[in-house]
Amino acid sequence: MRLLSTNLADADATVLTASSTATGKPVSRLKNTLRSVFWEATGKTEESVTADLGPGILTVKAAAITGFDLTREATVEFLHSTNNVLFTSLGVIKLGIPTAGYGEGGFGEGGFGGFSPTFPLLGHVISMFFSTLSSRYWRVVIKDPANTKNIRLGRWFLGDYWEPASVDVKRGWRIEVVDESEIGKTIGGIKSVNKRPVFLRASFQLPPLSESDAFDKLFPIVRDFGGKKDIFLVLFPNEDIETKFVQSIYGSFEGNVSFANVALSNYDAGSINFSESL
(Lines give C-alpha, C1' and ligand atoms only; values in the text may rest on other atoms or scores of the structure.)
Protein backbone atom coordinates (compact mmCIF):
# COMPACT_ATOMS: atom_id res chain seq x y z
CA MET A 1 0.00 0.00 0.00
CA ARG A 2 1.35 3.41 -0.95
CA LEU A 3 0.04 6.91 -0.21
CA LEU A 4 1.06 9.66 -2.63
CA SER A 5 0.46 12.89 -0.77
CA THR A 6 2.89 15.82 -1.14
CA ASN A 7 2.69 16.72 -4.81
CA LEU A 8 5.59 18.65 -6.36
CA ALA A 9 3.49 19.35 -9.44
CA ASP A 10 1.19 21.48 -7.25
CA ALA A 11 3.97 23.65 -5.81
CA ASP A 12 3.81 27.38 -6.47
CA ALA A 13 7.30 27.24 -8.00
CA THR A 14 6.31 24.56 -10.51
CA VAL A 15 5.60 25.85 -14.02
CA LEU A 16 3.28 23.74 -16.18
CA THR A 17 3.15 24.00 -19.96
CA ALA A 18 0.98 22.05 -22.38
CA SER A 19 1.27 21.05 -26.03
CA SER A 20 -2.10 22.75 -26.62
CA THR A 21 -4.93 24.24 -24.60
CA ALA A 22 -8.66 24.51 -25.23
CA THR A 23 -10.28 27.85 -24.50
CA GLY A 24 -11.07 28.31 -20.83
CA LYS A 25 -9.34 25.10 -19.70
CA PRO A 26 -5.67 26.01 -19.15
CA VAL A 27 -3.03 23.62 -17.88
CA SER A 28 -2.91 25.50 -14.56
CA ARG A 29 -6.16 23.70 -13.71
CA LEU A 30 -4.05 20.58 -13.04
CA LYS A 31 -3.06 22.21 -9.74
CA ASN A 32 -6.67 22.24 -8.57
CA THR A 33 -7.16 19.27 -6.24
CA LEU A 34 -10.61 18.65 -7.75
CA ARG A 35 -9.96 16.33 -10.68
CA SER A 36 -13.25 17.45 -12.22
CA VAL A 37 -11.49 20.79 -12.86
CA PHE A 38 -9.38 19.57 -15.76
CA TRP A 39 -6.95 20.74 -18.42
CA GLU A 40 -8.21 20.12 -21.92
CA ALA A 41 -6.13 20.02 -25.10
CA THR A 42 -7.27 20.88 -28.61
CA GLY A 43 -5.95 17.60 -29.98
CA LYS A 44 -7.52 14.17 -29.76
CA THR A 45 -4.75 11.65 -30.47
CA GLU A 46 -1.48 12.90 -28.89
CA GLU A 47 -0.84 15.60 -26.31
CA SER A 48 1.63 16.29 -23.49
CA VAL A 49 2.20 18.36 -20.37
CA THR A 50 5.63 19.41 -19.09
CA ALA A 51 6.45 20.40 -15.51
CA ASP A 52 9.42 22.55 -14.54
CA LEU A 53 9.87 21.85 -10.83
CA GLY A 54 12.49 24.57 -10.49
CA PRO A 55 16.07 24.33 -9.16
CA GLY A 56 16.98 22.46 -6.01
CA ILE A 57 17.32 18.95 -4.69
CA LEU A 58 14.09 17.11 -5.41
CA THR A 59 12.88 13.61 -4.64
CA VAL A 60 10.61 12.00 -7.21
CA LYS A 61 9.81 8.31 -6.88
CA ALA A 62 6.29 8.20 -8.28
CA ALA A 63 4.14 9.64 -11.04
CA ALA A 64 0.37 9.29 -11.32
CA ILE A 65 -2.54 10.76 -13.24
CA THR A 66 -6.30 10.72 -12.93
CA GLY A 67 -9.27 12.54 -14.40
CA PHE A 68 -8.60 11.37 -17.95
CA ASP A 69 -11.17 10.27 -20.51
CA LEU A 70 -9.36 7.82 -22.78
CA THR A 71 -10.06 4.70 -24.83
CA ARG A 72 -8.54 1.26 -24.42
CA GLU A 73 -6.11 2.07 -27.22
CA ALA A 74 -4.42 4.80 -25.17
CA THR A 75 -0.85 4.85 -23.87
CA VAL A 76 0.67 7.02 -21.15
CA GLU A 77 4.39 7.76 -20.99
CA PHE A 78 6.30 9.48 -18.17
CA LEU A 79 9.63 11.15 -19.01
CA HIS A 80 12.21 13.26 -17.16
CA SER A 81 15.05 15.60 -18.09
CA THR A 82 17.75 17.74 -16.50
CA ASN A 83 17.83 20.32 -19.31
CA ASN A 84 14.35 20.36 -20.88
CA VAL A 85 15.87 19.21 -24.18
CA LEU A 86 16.75 15.54 -23.87
CA PHE A 87 14.07 13.51 -22.10
CA THR A 88 14.46 9.96 -20.81
CA SER A 89 11.43 7.71 -20.83
CA LEU A 90 10.50 5.74 -17.73
CA GLY A 91 8.32 3.48 -19.81
CA VAL A 92 5.03 3.42 -21.68
CA ILE A 93 1.89 2.22 -19.93
CA LYS A 94 -0.62 0.63 -22.27
CA LEU A 95 -4.12 0.89 -20.91
CA GLY A 96 -5.27 -2.06 -22.98
CA ILE A 97 -7.70 -3.06 -20.24
CA PRO A 98 -8.96 -6.44 -21.53
CA THR A 99 -12.50 -6.66 -22.79
CA ALA A 100 -14.74 -9.15 -20.99
CA GLY A 101 -14.37 -12.64 -22.37
CA TYR A 102 -10.83 -12.22 -23.67
CA GLY A 103 -7.42 -12.92 -22.18
CA GLU A 104 -6.49 -12.20 -18.60
CA GLY A 105 -9.24 -11.43 -16.15
CA GLY A 106 -9.57 -7.93 -14.84
CA PHE A 107 -8.53 -9.01 -11.36
CA GLY A 108 -5.57 -11.12 -12.47
CA GLU A 109 -7.32 -14.46 -12.12
CA GLY A 110 -6.65 -15.67 -15.67
CA GLY A 111 -9.02 -17.35 -18.10
CA PHE A 112 -12.08 -15.53 -19.38
CA GLY A 113 -12.86 -12.30 -17.65
CA GLY A 114 -11.79 -8.71 -18.16
CA PHE A 115 -14.00 -5.63 -18.13
CA SER A 116 -17.10 -4.71 -20.05
CA PRO A 117 -16.37 -2.64 -23.19
CA THR A 118 -18.33 0.17 -21.52
CA PHE A 119 -16.20 0.08 -18.34
CA PRO A 120 -15.51 3.78 -17.56
CA LEU A 121 -11.91 4.96 -17.83
CA LEU A 122 -12.63 8.42 -16.44
CA GLY A 123 -12.20 8.21 -12.68
CA HIS A 124 -9.39 5.73 -12.34
CA VAL A 125 -5.69 6.12 -11.62
CA ILE A 126 -2.59 5.31 -13.65
CA SER A 127 0.61 5.19 -11.58
CA MET A 128 4.29 4.39 -12.02
CA PHE A 129 6.98 3.87 -9.38
CA PHE A 130 10.76 4.01 -9.87
CA SER A 131 14.10 4.61 -8.15
CA THR A 132 14.60 8.10 -6.73
CA LEU A 133 15.21 10.77 -9.37
CA SER A 134 16.02 14.46 -8.92
CA SER A 135 15.35 15.74 -12.44
CA ARG A 136 14.00 19.26 -12.76
CA TYR A 137 11.80 18.68 -15.83
CA TRP A 138 9.05 16.10 -16.21
CA ARG A 139 6.65 15.26 -18.99
CA VAL A 140 3.58 13.10 -19.44
CA VAL A 141 2.70 12.12 -23.01
CA ILE A 142 -0.78 10.78 -23.75
CA LYS A 143 -1.49 9.04 -27.04
CA ASP A 144 -4.92 7.76 -27.99
CA PRO A 145 -5.36 7.03 -31.73
CA ALA A 146 -8.96 5.85 -31.24
CA ASN A 147 -10.05 8.93 -29.31
CA THR A 148 -12.84 11.12 -30.70
CA LYS A 149 -12.77 13.82 -28.00
CA ASN A 150 -10.16 16.32 -26.91
CA ILE A 151 -7.62 14.80 -24.53
CA ARG A 152 -8.09 15.95 -20.96
CA LEU A 153 -6.38 15.46 -17.62
CA GLY A 154 -7.56 16.30 -14.11
CA ARG A 155 -4.59 15.63 -11.83
CA TRP A 156 -0.87 14.85 -12.19
CA PHE A 157 1.23 13.70 -9.24
CA LEU A 158 5.01 13.93 -9.03
CA GLY A 159 6.82 13.20 -5.79
CA ASP A 160 7.57 10.73 -3.03
CA TYR A 161 5.24 8.24 -1.34
CA TRP A 162 4.80 6.56 2.01
CA GLU A 163 4.68 2.80 2.33
CA PRO A 164 4.61 0.94 5.66
CA ALA A 165 7.74 -1.06 6.41
CA SER A 166 5.64 -4.20 6.77
CA VAL A 167 3.38 -4.37 3.74
CA ASP A 168 0.46 -6.74 4.19
CA VAL A 169 -3.02 -5.39 3.53
CA LYS A 170 -4.21 -8.38 1.53
CA ARG A 171 -6.28 -9.74 4.40
CA GLY A 172 -9.53 -8.01 5.07
CA TRP A 173 -9.24 -5.24 2.47
CA ARG A 174 -12.34 -4.29 0.56
CA ILE A 175 -13.29 -1.96 -2.28
CA GLU A 176 -16.97 -1.17 -2.58
CA VAL A 177 -19.05 0.83 -5.00
CA VAL A 178 -21.10 3.30 -2.96
CA ASP A 179 -24.39 4.58 -4.37
CA GLU A 180 -26.20 6.89 -1.96
CA SER A 181 -29.09 7.60 -4.32
CA GLU A 182 -32.49 7.56 -2.63
CA ILE A 183 -35.49 5.75 -4.04
CA GLY A 184 -38.97 6.66 -2.84
CA LYS A 185 -42.61 6.41 -3.81
CA THR A 186 -45.31 9.01 -3.90
CA ILE A 187 -48.77 8.43 -2.43
CA GLY A 188 -49.90 7.44 -5.91
CA GLY A 189 -47.22 4.78 -6.13
CA ILE A 190 -44.99 6.59 -8.59
CA LYS A 191 -41.34 5.81 -7.95
CA SER A 192 -38.96 8.72 -7.59
CA VAL A 193 -35.17 8.61 -7.58
CA ASN A 194 -32.88 11.21 -6.04
CA LYS A 195 -29.71 10.42 -7.95
CA ARG A 196 -26.36 11.01 -6.27
CA PRO A 197 -22.85 10.40 -7.59
CA VAL A 198 -21.48 6.88 -7.34
CA PHE A 199 -18.01 6.54 -5.83
CA LEU A 200 -15.51 3.94 -4.61
CA ARG A 201 -14.56 3.33 -1.00
CA ALA A 202 -11.53 1.30 0.12
CA SER A 203 -11.43 -0.24 3.58
CA PHE A 204 -8.33 -1.90 4.92
CA GLN A 205 -6.29 -2.68 8.01
CA LEU A 206 -2.60 -1.84 8.12
CA PRO A 207 -0.11 -4.24 9.70
CA PRO A 208 1.39 -3.21 13.08
CA LEU A 209 3.46 -0.07 12.52
CA SER A 210 6.77 0.98 13.99
CA GLU A 211 6.82 4.19 16.02
CA SER A 212 8.51 5.96 13.10
CA ASP A 213 5.94 4.75 10.57
CA ALA A 214 3.04 5.63 12.85
CA PHE A 215 4.04 9.08 14.09
CA ASP A 216 6.71 10.35 11.67
CA LYS A 217 5.08 9.15 8.45
CA LEU A 218 1.37 8.25 8.60
CA PHE A 219 0.31 10.69 11.34
CA PRO A 220 1.50 13.82 9.44
CA ILE A 221 -0.28 12.65 6.28
CA VAL A 222 -3.55 12.11 8.14
CA ARG A 223 -3.17 15.40 10.04
CA ASP A 224 -2.27 17.53 7.02
CA PHE A 225 -4.60 15.96 4.46
CA GLY A 226 -7.30 14.07 6.36
CA GLY A 227 -10.68 14.38 4.69
CA LYS A 228 -10.09 17.91 3.41
CA LYS A 229 -7.43 17.30 0.76
CA ASP A 230 -7.33 14.60 -1.88
CA ILE A 231 -4.36 12.28 -2.36
CA PHE A 232 -3.59 9.08 -4.29
CA LEU A 233 -3.96 5.63 -2.72
CA VAL A 234 -2.47 2.61 -4.52
CA LEU A 235 -3.32 -0.56 -2.60
CA PHE A 236 -1.12 -2.99 -4.53
CA PRO A 237 1.57 -1.03 -6.41
CA ASN A 238 3.44 -4.06 -7.69
CA GLU A 239 0.47 -5.67 -9.43
CA ASP A 240 -0.30 -5.48 -13.14
CA ILE A 241 -2.09 -2.56 -14.78
CA GLU A 242 -5.50 -4.24 -14.64
CA THR A 243 -5.28 -4.87 -10.89
CA LYS A 244 -3.85 -1.46 -10.03
CA PHE A 245 -6.49 0.20 -12.18
CA VAL A 246 -9.40 -0.90 -10.00
CA GLN A 247 -7.51 -0.90 -6.68
CA SER A 248 -6.20 2.66 -6.83
CA ILE A 249 -8.26 5.64 -5.67
CA TYR A 250 -7.86 9.40 -5.80
CA GLY A 251 -9.66 10.67 -2.73
CA SER A 252 -9.39 11.30 0.99
CA PHE A 253 -9.64 9.65 4.39
CA GLU A 254 -13.18 9.06 5.57
CA GLY A 255 -13.73 9.51 9.29
CA ASN A 256 -11.01 9.41 11.91
CA VAL A 257 -7.75 7.46 11.83
CA SER A 258 -6.77 6.33 15.32
CA PHE A 259 -3.45 5.15 16.71
CA ALA A 260 -3.12 2.64 19.53
CA ASN A 261 -0.06 1.16 21.23
CA VAL A 262 -0.91 -2.55 21.00
CA ALA A 263 2.51 -3.88 22.00
CA LEU A 264 6.03 -2.69 22.66
CA SER A 265 7.07 -0.53 19.67
CA ASN A 266 4.02 -1.71 17.71
CA TYR A 267 1.23 0.70 16.82
CA ASP A 268 -2.17 -0.06 15.39
CA ALA A 269 -3.76 2.48 13.03
CA GLY A 270 -7.14 0.80 13.27
CA SER A 271 -9.44 0.27 10.31
CA ILE A 272 -8.98 2.89 7.58
CA ASN A 273 -11.66 4.02 5.15
CA PHE A 274 -10.63 5.93 2.04
CA SER A 275 -13.26 7.38 -0.27
CA GLU A 276 -12.99 8.43 -3.89
CA SER A 277 -13.15 12.10 -4.82
CA LEU A 278 -15.73 13.05 -7.45
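Predicted model: local features only at pLDDT ≥ 70, side-chain atom pairs only at ≥ 80, totals over all residues.
User: How many residues of strand 5 are buried?

Analyst: Six of its seven, so strand 5 is mostly covered. In the protein, buried residues make up 48% of the 278 residues.

User: How many helices and strands are there in the protein?

Analyst: There are two helices and 20 strands. Both are DSSP runs numbered from the N terminus: helices (H or I) have at least four residues, and strands (E) at least two.

User: How do you know that strand 5 and strand 8 pair, and in what sense do they run?

Analyst: Two strands pair if DSSP finds at least two bridges between them. Six bridges join strand 5 to strand 8, so they qualify, and they run antiparallel. Within this pairing, T66 has V125 as its bridge partner, and A62 has F129. Strand 5 also runs antiparallel to strand 11, joined to it by five bridges; there, A64 stands opposite F157.

User: Why are strand 1 and strand 12 called edge strands?

Analyst: Strand 1 (2-4) and strand 12 (174-179) each pair on one side only. They belong to an open, antiparallel sheet of six strands in the order 1-16-17-20-15-12.

User: What makes a group of 32 residues the kind of set called a nonpolar core?

Analyst: A nonpolar core is a set of buried Ala, Val, Leu, Ile, Met, Phe, Trp, Tyr and Cys residues joined through side-chain atoms within 4.5 Å. The largest such set here has 32 residues, and I65, F78, V140, W156 and L158 have the most contacts inside it. Strand 4 (46-52), strand 5 (60-66), strand 6 (75-81), strand 8 (125-133), strand 9 (137-143) and strand 11 (155-159) each give two or more residues to this core. Strand 8 provides the largest share, four residues. A second, separate core has 24 residues, including A202, L218, I231 and I272.

User: Which residues is I65 in contact with, leaving aside its neighbours within four places in sequence?

Analyst: Contact means heavy atoms within 4.5 Å. By that rule, I65 touches V76, F78, H124, V125, I126, V140, L153, R155, W156 and F232.

User: What share of the contacts with a separation of 6 or more comes from residues 24 or more positions apart?

Analyst: Those residues account for 71% of such contacts in the protein.

Methods:
Residues numbered from 1 in each chain as written. Heavy atoms only, no water. Buried < 20%, exposed > 50% of the residue type's maximum accessible area, 1.4 Å probe, protein only.
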